[in-house]
Amino acid sequence: MRLEGKVALITGTASGIGRAAAVRFAEEGARIVAVDIAEANHETVELIRASGGEATAVHADVSDDADVAVAVQTAEATYGRLDIAFNNAGIMMADDADAVATTTDTIDKTLAVNLKGVLYGCRHQIPAMRRAGAGSVINTASFVASVGAATPQIAYTASKGAVLAMTRELAVIHARENIRVNALSPGPLRTELLMSYLDTDEKRQRRLVHVPMGRFGEAAEMAAAALFLASDESSYMTGANLLVDGGLTAAYVTPE
């Protein structure tokens, strides 16, 4: 019960890391505000309630500032406070390539969700945490914010690099308000999002050859890392980038 008495707002809860985190945080005692644009978000809330937890679904587009404001207002109106925010929602578009081939529409849409969605979240979550007296913000970045790749996804990479830089800035700004801001940088995961992008065995093996552990990570492993950042166990951490990547960013030559 590491989050007992806490209220957590999580975005991108219809699937993947967001759903796993919502369920795990609820198991640890948090009341959950589950935010997503997909109808499957209600399944996540039902899972939490079926196991005895408390959760509220909010249909919102994180790239819309007004929608994000409503999500935070819902947290305070329903549960009286906001203690934890996990800005996790993100997209990776199939035609994301290099700077020459990637369309302006793809760049704009990717930045709108992956970067502005986090910015809008922090814009409304931090004042709510001030009202609560403290808080923990976790922003999903990526290992691609730390390394380059010859299999390009330039819009996604740029968006995650910006999230990482913004997280550091916010951490310093709000450090003396007892509001912590950290980034979680997953490695390649066996999620619907990435597997739809790596849609052939050749594409998957092209990635796995660089991972020392030789496998994709699981959403539950990212949820466990996010739980650590959300809880008081990480009370002296802010502005950090927690890499959970199977050793990928530490490797020069892998075992195979």
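A crossing of two helices is called left-handed if the near helix is turned anticlockwise from the far one by less than a right angle, and right-handed if clockwise. Keep that in mind for the first stop.

Before you click, note that this is a predicted model, where local features need pLDDT of at least 70, side-chain atom pairs count only at pLDDT 80 or more, and totals for chains, interfaces and linings use all residues. Residues are numbered from 1 along each chain as its sequence is written, and side-chain values use heavy atoms, with hydrogens and water left out.

**Stop 1: α4 and α5**

Select α4 (residues 104–132) and α5 (154–174). Helices here are DSSP runs of H or I with at least four residues, strands are runs of E with at least two, and both are numbered from the N terminus. How does α4 pass α5, left-handed or right-handed? The crossing is right-handed. The two pack at an angle of about 15°, and their axes are 9 Å apart. Axes are lines fitted to C-alpha atoms, for helices over the stretch in contact, and angles run from 0 to 180 degrees between N-to-C directions. With that angle, α4 is roughly parallel to α5 (under 35 degrees counts as roughly parallel, over 145 as roughly antiparallel, 65 to 115 as roughly perpendicular, and the rest as oblique).

Now show the side chains where they meet. On α4, the contact residues include T106, L111, N114, L115, V118 and R130; on α5, look for Y156, K160, V163, M166 and H174, among them. Contact means heavy atoms within 4.5 Å. Sorted by class, this contact has 13 nonpolar, 5 polar and 2 charged residues. For that count, Ala, Val, Leu, Ile, Met, Phe, Trp, Tyr, Cys and Pro are nonpolar, Asp, Glu, Lys and Arg are charged, and the others, Gly among them, are polar.

**Stop 2: V163, on α5**

Stay on α5 and pick V163. It is buried, with a relative accessible area of 0% (buried means under 20%, exposed over 50%, partly exposed in between, using a 1.4 Å probe and protein chains only). Leaving aside neighbours within four places in sequence, V163 is in contact with N114, L115, V118, N139, T140 and A141.

**Stop 3: T140, in strand β5**

One of V163's contacts, T140, is the next pick. You'll find T140 in strand β5 (residues 135–140). T140 counts as buried, at 6% relative accessibility. What does the side chain of T140 make a polar contact with? Its partner is the side chain of N88, at 3.1 Å. A polar contact is a pair of N or O atoms within 3.5 Å; within protein, one must be able to donate a hydrogen and the other to accept it, and residues adjacent in sequence count only if both atoms are side-chain atoms. Not counting residues up to four places away in sequence, T140 also touches F86, N87, K160, V163, L184 and P186.

**Stop 4: α3 against α4**

From α3, D65, V68, A69, V72 and E76 take part, meeting Y120, G121, R123, H124, Q125, A128 and R131 of α4. The class tally is 5 nonpolar, 3 polar and 4 charged residues.

Zoom in on G121 of α4. G121 is buried, at 1% relative accessible area. Beyond residues up to four places away in sequence, G121 touches V68 and N87. S63 is 58 residues from G121 along the chain, and their C-alpha atoms are separated by 9.4 Å.

**Stop 5: two loops and a helix**

E28 sits in the loop between α1 (16–27) and β2 (31–36). Is E28 buried or exposed? At 11% relative accessibility, E28 counts as buried. Its side chain reaches the backbone nitrogen of M1 at 3.2 Å. Contacts of E28 outside four places in sequence include R2, L3, E4 and L227.

Next, E43 in helix α2 (residues 41–50) is partly exposed, at 45% relative accessibility.

Finish at N178, in the loop between α5 and β6 (179–186). N178 is partly exposed, at 49%, and its phi is near 65°, a positive value in a residue other than glycine.
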